[in-house]
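Please look through the sequence and the model below before reading on.

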Amino acid sequence: TSHLVVSGALMTNITIIAFLLAALTQAQYGVLGFLVPTPPLIPTDVGIKKRPNTELCFLKKGEIMRTGFRTFRGGFLNNRRMSTRRKALNEVGSAGATSFYVLRHGETDANAAGIIQGSSDLSRLTDNGRSQAMAFGMMALDPSTIKRIDQIFVSPLTRAQDTLKLVRESAPPGILPQSEIVLPNLREIDMYSWENQTKEKLRQMYPNEFAAWRSPDPDKLVIDGRHPLHETWSRAGEVWKEIRLQVSQAEGETAKLLVCHGTLGQALLGSAFGMDATTFRRNKFPNCGMAEIVWHHNEDVATSWRWHNICDDGSDKTEEWRLGV
């Protein structure tokens with residue numbers, strides 16, 4: 001009985017100490033959060049690490065942190081490299097980092113009709129798509145929130161090039177260079193015999209493959225013996241190699257604009273953080289939606305990213321920084 005009394009007293013003291021510590025830290029760090037499983041892959045400043053164990057780290061009161069899976073506010077975040085992530089946020093825009101602005105084209109007639117375009121070049125911007133591009137140039141490319149862009153890379157497809165022309169017409173003077181580099185690898189996903197077919201027709205003709213496209217399941221999406229999603233993610237990696245090779249030869253802070261497509265944009269965003277095609281549809285690009293990706297020089301993966309989107313009323317909506325996809 002005496003042992004039980006001692007053990008009970010010890011547990012009571014431990015509980016009291018825990019609550020005292022919580023009270024002491026609440027003013028700075030807010031209400032305690034819950035322990036949650038660590039996401040299987042988290043980008044850091046040293047690459048992608050598997051994090052099987054749950055650990056505690058403080059988020060300051062009111063501070064928000066996003067992983068690719070969850071949003072945390074105040075309390076504890078299970079990330080043993082939280083200090084690195086906070087440092088990365090503090091260094092956004094610092095010397096030795098490049099901002100990549102990945103922009104999807106405006107709405108096309110194929111988008112409006114529910115037709116899969118792939119890398120075909122038959123579709124053209126609708127009136128709405130042209131308005132989206134003009135509004136993006138005027139509102140999203142605000143010099144107070146966007147760095148001066150010193151280089152533009154664009155898809156060879158007409159819908160992306162027409163979007164760039166309209167953005168350039170409406171953008172504030174001096175924020176964009178007058179020339180661009182056409183990169184064939186910035187074309188949209190190659191969908192082979194599915195291109196220029198309606199989604200409804202494809203759903204009826206290829207129910208299993210279409211389900212894999214929607215789920216998504218990159219292993220089961222097979223068109224004409226090819227794996228389009230895996231190919232697109234691989235091509236996105238080649239884009240980053242090509243562009244970042246030029247960046248590594250530059251000094252200081254730079255900003256690049258990549259005008260491309262929805263699926264290719266997702267592949268660029270995912271591969272920047274070391275993620276594969278299983279992340280398809282996790283961060284879908286709306287027409288004239290733009291992701292800003294900050295990537296420090298000599299790092300294997302990007303540091304952080306955020307959305308810049310145009311709302312229905314034409315205003316720019318810039319979201320909070322995120323540290324993974």
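D190 touches S119, E195, P228 and R235, where a contact means heavy atoms within 4.5 Å and residues up to four places away in sequence are not counted. This is a predicted model, in which local features need pLDDT of at least 70 and side-chain atom pairs count only at pLDDT 80 or more, while totals for chains, interfaces and linings use all residues. Residues are numbered from 1 along each chain as its sequence is written, and side-chain values use heavy atoms, with hydrogens and water left out.

- D190 is placed in the loop between β8 and β9; helices (H or I, at least four residues) and strands (E, at least two) are DSSP runs, numbered from the N terminus.
- With a relative accessibility of 14%, D190 counts as buried, a word that stands for under 20% relative accessible area, whereas exposed stands for over 50% and partly exposed for what lies in between (1.4 Å probe, protein chains only).
- The side chain of D190 makes a polar contact with the side chain of S119 at 2.6 Å, and another with the side chain of R187 at 2.9 Å.
- A polar contact is a pair of N or O atoms within 3.5 Å; within protein, one must be able to donate a hydrogen and the other to accept it, and residues adjacent in sequence count only if both atoms are side-chain atoms.

**Aromatic pairs**
- The structure holds nine aromatic pairs, counted when the ring centres of Phe, Tyr and Trp (its six-membered ring) lie within 6.5 Å, with planes under 30 degrees apart called stacked, over 60 edge-to-face and the rest tilted.
- One of these pairs is formed by W194 and Y206, which are stacked, with 5.8 Å from centre to centre and 25 degrees between the planes.
- W194 lies in the loop between β8 (181–182) and β9 (197–198) and Y206 in the loop between α6 (199–205) and α7 (207–214), so this pair ties together parts that are 12 residues apart in sequence.
- W194 is buried at a relative accessible area of 2%, while Y206 is partly exposed at 30%.
- The rings of W213 and F280 have centres 5.1 Å apart and planes at 40 degrees, so this pair is tilted.
- W213 belongs to helix α7 and F280 to the loop between α9 (262–272) and β11 (290–296), so that the pair links distant parts of the chain, 67 residues apart.
- Both partners count as buried, W213 at 7% relative accessibility and F280 at 3%.
- R281 lies over the face of W213, at 5.0 Å from the ring centre; a charge sits over a ring if NZ of Lys or CZ of Arg is within 6 Å of the ring centre and within 35 degrees of the ring normal.

**Nonpolar cores**
- The largest nonpolar core has 41 residues, and those with the most contacts inside it include W194, W213 and L258.
- Such a core is a set of buried Ala, Val, Leu, Ile, Met, Phe, Trp, Tyr and Cys residues joined through side-chain atoms within 4.5 Å.
- Helix α8 gives the most to this core, with seven residues.
- A second, separate core of 23 residues includes L125, L141, A160 and M290.

**K147**
- K147 is found in the loop between α4 (127–140) and β7 (151–154), and at 19% relative accessibility K147 counts as buried.
- K147 and A255 are 108 residues apart in sequence and 6.4 Å apart in space, C-alpha to C-alpha.
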